[in-house]
Amino acid sequence: MLLDTINKCLVELNKECVLSNVVKALNEGIPASQIVLDAMSRAMEEIGRLYENGDYFIAELIEAASIFKEAMKILEPKLREEGSREKAFKRARIVLGTVKGDVHDIGKTLVAIMLQAAGHEVIDLGVDVPAEKFVEAVEKYKPDVLGMSALLTTTARYMRVVIEELEKKGLRQKVKIVVGGAATTPQFAREIGADGWAPNAIEAVKLIESLIS
Ligand code: B12
C-alpha cells in the first residue's frame, strides 16, 4: 500500500522514495489530505519516538522536517484544491501562531493551509510568538478565532500566559481561542481556558467552523 510505503520512506529519511511515492499516490487518486495525515504525520510521530528512544538525533529531526516540507510543495496545491470543493458557508478570520520558545511550524502551517483551502482568512504570525504579539494581532485584526500551536511540554504552558494577557486587555471575550500541537490535549485546553482543541488540521477546520457558526 502506497501510504505505508510513504510512511516507511519518511521514517527512514529516504527523500527520493517519499517524493516519488507521493506523486504516485496523487496519480492514483489518493487524497492529498490522506497522504499528509495518514502517512506523513504518522511518520513524524514515529520519528519523534525514535528520537525519544535515542535511535535518532536532532540531525534526523531536521532532515525529516526538510523532507516533509519538500513533499508539501507537491501536496499543497492539491490540498487547496480538495478544500475548495467544500467552500465555507461563513468566512472566518483566524490569527495563528506557534507560541514563544517553540519553533515547530509544520503542523501550524498545515492548519493554515487547510483553513485557507476551506475559504477562511489566515494571518500567520509564524513561530516563537510572544504574548504581546498575539495581543497586538487580536487588537489589530479583530479575528474570530485565535489559534495557538505548541509541540513542547514547556512551551504549551505559555498558552495560558497569552490567554491571561488577553484577559487583562479585556480582549478574551472578543475572540474564540483554539489550541493544538503534540504537547496539548482536550483536557489541557479546558484547563487553560481555551474554547477548543483539535488533533489535526482537518479537525481544526471543523472545530473553527463550529465555533463561528
Ligand atoms: C520535526 C520535529 C522537530 C524539528 C521542527 C522543524 C519545523 N520546522 O517544524 C526541529 C528539528 C527544529 C525540532 C526541534 C526540537 N524538538 Co522536535 N520534533 C519534531 C517531530 C519529530 C515532528 C513534529 C512535526 O512536524 N509533526 C508533523 C505535524 C504535521 O504534526 P503536528 O505538529 O502534531 O501538527 C498537527 C496537530 O498537532 C494539529 N495542530 C498543530 N498545531 C495546531 C494549532 C491549532 C490551533 C490546532 C487547532 C491544531 C494544531 O494539527 C497539525 C496538522 O495535522 C516531533 C515529534 C512529534 N510527536 O510531534 C518532535 C518533538 C515535538 N520535538 C521534541 C523536542 C524535545 C525538540 C527539541 C527540544 C530538541 C532539542 N533538544 O533541541 C527542539 C526544540 C526546538 C524549539 N525550541 O522549538 C519533542 C518534544 C517533547 C516534549 N514533550 O516536550 C518531540 C515530541 C519528540 C519526542 N518524542 O521527544 N523538532
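Asp128 lies in the loop between E2 and helix H6 (131-141), where helices (H or I, at least four residues) and strands (E, at least two) are DSSP runs, numbered from the N terminus. Asp128 has a positive phi of about 55° although it is not a glycine. This is a predicted model, in which local features need pLDDT of at least 70, side-chain atom pairs count only at pLDDT 80 or more, and totals for chains, interfaces and linings use all residues. Residues are numbered from 1 along each chain as its sequence is written.

**Loops and backbone angles**

- Most residues other than glycine have a negative phi.
- Asp128 has 16 other C-beta atoms within 10 Å and is therefore partly exposed; a residue is buried if 20 or more other C-beta atoms lie within 10 Å of its own, exposed if 12 or fewer, and partly exposed in between, with C-beta atoms placed from the backbone.
- Leu13, in the loop between helix H1 (2-11) and helix H2 (15-27), is another residue other than glycine with a positive phi, near 60°.
- Leu13 counts as partly exposed because it has 17 C-beta neighbours inside 10 Å.
- Glu132 lies in helix H6 and is exposed, with 11 other C-beta atoms within 10 Å.
- The C-alpha atoms of Glu132 and Leu166 are separated by 9.2 Å, and the two residues are 34 residues apart along the chain.

**Sheet**

- Five strands form an open sheet in the order E2-E1-E3-E4-E5, with parallel pairing; two strands pair if DSSP finds at least two bridges between them.
- Strand E2 (121-124) and strand E5 (196-197) are at the edges with a single partner strand each, so one side of each has no neighbour in the sheet.
- Strand E1 (residues 93-98) runs parallel to E2 and is joined to E2 by four bridges, and Leu96 has Asp124 in E2 as its bridge partner.
- E1 also pairs with E3 in the parallel sense, over five bridges, with Thr98 standing opposite Ser149 in E3.
- E3 and E4 pair over five bridges, again in the parallel sense, and Val179 in E4 is the bridge partner of Met148.
- E3 is largely enclosed by the rest of the structure, because five of its five residues are buried.
- The burial covers both faces of E3, with Val145, Gly147 and Ser149 on one side and Leu146 and Met148 on the other.

**Helix H5**

- H5 (residues 106-117) has twelve residues and reaches 16 Å from its first C-alpha to its last, close to the 16 Å expected at 1.5 Å a residue; the expected span is 1.5 Å times one less than the number of residues.
- Ten of the twelve residues of H5 are buried, so H5 is largely enclosed by the rest of the structure.
- The buried residues of H5 include Gly107, Lys108, Thr109 and Leu110.
- Just after H5, Gly119 takes a positive phi of about 100°.

**Ligand shell**

- Which residues come nearest to the ligand? Of the 40 residues around the ligand, they are Gly48, Gly107, Gly147, Ser149 and Gly180; a residue is near a molecule if its C-beta atom, placed from the backbone, lies within 6 Å of it.
- Elements that give two or more residues to this shell are helix H3 (32-52), helix H4 (58-84), H5, strand E3 (145-149), strand E4 (176-180) and helix H10 (201-212).
- H3 provides the largest share of the shell, nine residues.
- By residue class the shell divides into 23 nonpolar, eleven polar and six charged; Ala, Val, Leu, Ile, Met, Phe, Trp, Tyr, Cys and Pro count as nonpolar, Asp, Glu, Lys and Arg as charged, and the others, Gly among them, as polar.
- Domain 1 (2-84) and domain 2 (93-212) each give at least three residues to the shell around the ligand.

**Domains**

- The protein chain is divided into domain 1 (2-84) and domain 2 (93-212), with bounds from an automatic or database domain assignment.
- The C-alpha centres of domain 1 and domain 2 lie 24 Å apart.
- The contact takes twelve residues from domain 1 and eight residues from domain 2; two residues are in contact if their C-beta atoms, placed from the backbone, lie within 7 Å.
- On the side of domain 1 that touches domain 2, H4 gives the most, with eight residues.
- That side of domain 1 divides into five nonpolar, four polar and three charged residues.
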